[in-house]
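Subject: Structure handover

Hello,

Here is the structure I said I would pass on. My notes on it follow below.

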Amino acid sequence: VQLQACGGGLVQAGGSLRLSCAASGSIFSINTMAWYRQAPGKQRELVARITRGTNTNYADSVKGRFTISRDNAKNTVYLQMGSLKPEDTAVYYCNADIQRSDGRWYDYWGQGTQVTVSS
């Protein structure tokens, strides 16, 4: 099983980006999917998470600007980011609770995608 994230890049302040993260491999079910980020010199922090039932929650710093969504048929989670600020600059990681065909649940991380917001 692996998570493949993409969609990062360089954008000016006020701009938008859309991240996506697809899970592939021997997957039976996926529960919560989430996006985290880590800026240089800082700890990794939760940005947004979404349950299989599409309940969501967000970090206060991104509420009203970011939207998390998922496509269960594609095992994919998205993060639509708008009104980007320089302080959103970080490596963004996707995360998922995945039940493999052996019946066990595992916590998986994507490889990270860089988002840089210029002022």
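To start with charge: the protein carries 13 positive and 8 negative side chains, and the centres of these two sets are 2 Å apart. Please keep in mind that this is a predicted model.

Of its 119 residues, 41% count as buried.

The fold is built from 11 strands and 0 helices. Along the sequence this reads β-β-β-β-β-β-β-β-β-β-β. The radius of gyration is 14 Å, close to the 14 Å that the globule rule gives for 119 residues, so the protein is as compact as a globular protein of that length. The C-alpha trace spans about 50 × 25 × 25 Å along its principal axes. Among contacts with a separation of 6 or more, 53% are between residues 24 or more positions apart.

Threonine 54 sits in the loop between strand S5 (45-50) and strand S6 (56-58). Its phi is near 70°, a positive value in a residue other than glycine. With a relative accessibility of 49%, threonine 54 counts as partly exposed, because the exposed class begins over 50%.

Asparagine 75 is in the loop between strand S7 (66-71) and strand S8 (76-81). Asparagine 75 is not a glycine either, yet has a positive phi of about 50°. Its relative accessible area is 23%, so asparagine 75 is partly exposed; buried would mean under 20%.

Regards

How values were computed: Residues are numbered from 1 along each chain as its sequence is written. This is a predicted model: local features need pLDDT of at least 70, side-chain atom pairs count only at pLDDT 80 or more; totals for chains, interfaces and linings use all residues. Side-chain values use heavy atoms; hydrogens and water are left out. Helices (H or I, at least four residues) and strands (E, at least two) are DSSP runs, numbered from the N terminus. The radius of gyration is taken over C-alpha atoms; the globule rule is 2.2 Å times the number of residues to the power 0.38. Buried means under 20% relative accessible area, exposed over 50%, partly exposed in between (1.4 Å probe, protein chains only). Contact means heavy atoms within 4.5 Å. Lys and Arg count as positive and Asp and Glu as negative; His and the chain ends are not counted. The place of a charge is taken as NZ of Lys, CZ of Arg, CG of Asp or CD of Glu.
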